[in-house]
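Please read this briefing alongside the sequence and the coordinates.

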Amino acid sequence: MRKIVATLTVAFSIVTLAAPVAQAAPAEVNVRIEGREETLFEGPILTAGHAVEASSDSAPHGCDGLNNGANPLPGPTPTAASVDAMSILGEDFDGQWYPGFDDYFIERWGPDGQDEAKGEYWGLLVNNVFTDVGGCQYELDGGDEILWVYDAFKTRPLLALFPASYSAGARPLTAVAELGQPFEVEVDAYEDAAENDPPAAPQRTGASPFEGAEVAPVATDESGFQRVEAESAATVVTGADGTAEIVFAEPGWHRIKATVTGSGGGESAVRSNRLDVCVPAPPATDCGALPAEDQVRTPPPSGGGEEEPEPETGGEAPQPEGPGPGGGGMSAATPFMPSLAPGGGQVRLEAPRLDRRRLGRGLLGVSWRVLDPGVGIGGWTISSRTLGRKGAPYVVRARGTGGTSALLRLPGGAAYRLRFTVVDAIGRSSTVALGRVAVPGPDG
């Protein structure tokens, strides 16, 4: 049964959102997608069951827990929640729909597709346990922890990272440490030998201390993907009791995860959850706003960003360096009006519009309108990723600290996925997908 669910939870690749099912009540859940070499997404989101469509599919399919008669009422599901999560980053999924299961077999999340030749598939866990049904049949409760793992069905320890003071309940997203003083963490490992019904809530039972785990800094790139820097001099290794001590020499937020480097250089364990540690600068007692990834995010409303273009209103984008892009969510309360992560004084923007009239010359106009400046806009970036090139990164095409328009230069003969990121004056960020454009080559 494990391999069937592997394919079932392994066969997604690129997804587009379809109209949400109104009867499915939203819930706050934690989504984590551990890719081949990076964490593709991690953090709490607000989600509800709804129809989803893989990139290779021709029509959306329901994914609200009613699939295959699994539940009497619709609700949030791991697959729909993860589609929502990846859409926050402008990413998608692919998979194969199996009518007999009334469910998708996941093949890809974002850039990481399964490798059948190597037997590397995606697998789904809820609250640390492999599910025994597919990700559209399983119905979530508020507070559940969803984990998709690449190459999930090879025997590897499943790591979990905690402050040593933690005793029970959902894994904490953040912790506080003192500047220059030892901060103790613990790494545990879950080893699931069979599919079971996941517990009603995340539990620490079933785990044991793990010796030899590398607790290391995490680098988050402009796509929102997170890579464990196990080669860093700041890395510490857990002892026989699963604990290790870290001394933070700089104040501010520090992001850490645990992993194990194998003899061949790859990771021989499923990397742990992330922990963001606040190290206040005395006499302060906190680090200000939480990182965007630790705040509850909502997916962008489907259908935004591909409207008819308006006349271009600006020239070349301003070039001063602005704050780097982040992975904040958007408020779906008002269609096409993204807001920054929860907090006072939110910036609200009308969805950016695209002017394609000069694409033949490799120029794309983007314009937007500020509906509410909130605490102030610290900066914005517009990035593109070349479609059809595996692993292609997002490249910043324009950035600025003011203005409401930009003119992008895009190389011809390629198609691009675009996204717009705005950061407010206190560092909160929000990203919206602008859609896709194709730029003609020299031969038209």
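The points below describe a predicted model, grouped by topic.

**Nonpolar core**
- The largest nonpolar core has 31 residues, and among these V31, I33, F41 and W109 touch the most other members.
- At least two residues of this core come from each of β2 (27–34), β3 (39–47), β4 (50–54), α2 (78–88), β5 (93–98), β6 (103–109), β8 (122–126) and β10 (145–150).
- The element that gives the most to this core is α2, with six residues.

**Helix α2**
- This helix is mostly covered, since 11 of its 11 residues are buried, including P78, V83, D84 and I88.
- Just after α2, G90 adopts a positive phi of about 75°.

**Salt bridges**
- The structure holds 19 salt bridges, one of which joins the side chains of K257 and E34 at 3.1 Å, N to O.
- Because K257 lies in strand β19 (residues 252–259) and E34 in strand β2, this pair ties together parts that are 223 residues apart in sequence; both K257 and E34 are buried.
- R255 and E293 meet through their side chains in a salt bridge of 3.2 Å, N to O, which links R255 in strand β19 with E293 in the loop between β20 (275–279) and β21 (348–355), 38 residues apart; both R255 and E293 are buried.
- R357 forms a salt bridge with D355, with 2.7 Å between the closest N and O atoms; R357 is exposed, with a relative accessible area of 60%, whereas D355 is buried, with a relative accessible area of 5%.
- Through shared partners, salt bridges join R32, E34, E42, K257, E267 and R271 into one network.

Technical notes. Residues are numbered from 1 along each chain as its sequence is written. This is a predicted model: local features need pLDDT of at least 70, side-chain atom pairs count only at pLDDT 80 or more; totals for chains, interfaces and linings use all residues. Side-chain values use heavy atoms; hydrogens and water are left out. A nonpolar core is a set of buried Ala, Val, Leu, Ile, Met, Phe, Trp, Tyr and Cys residues joined through side-chain atoms within 4.5 Å. Buried means under 20% relative accessible area, exposed over 50%, partly exposed in between (1.4 Å probe, protein chains only). Helices (H or I, at least four residues) and strands (E, at least two) are DSSP runs, numbered from the N terminus. A salt bridge is a side-chain nitrogen of Lys or Arg within 4 Å of a carboxyl oxygen of Asp or Glu.
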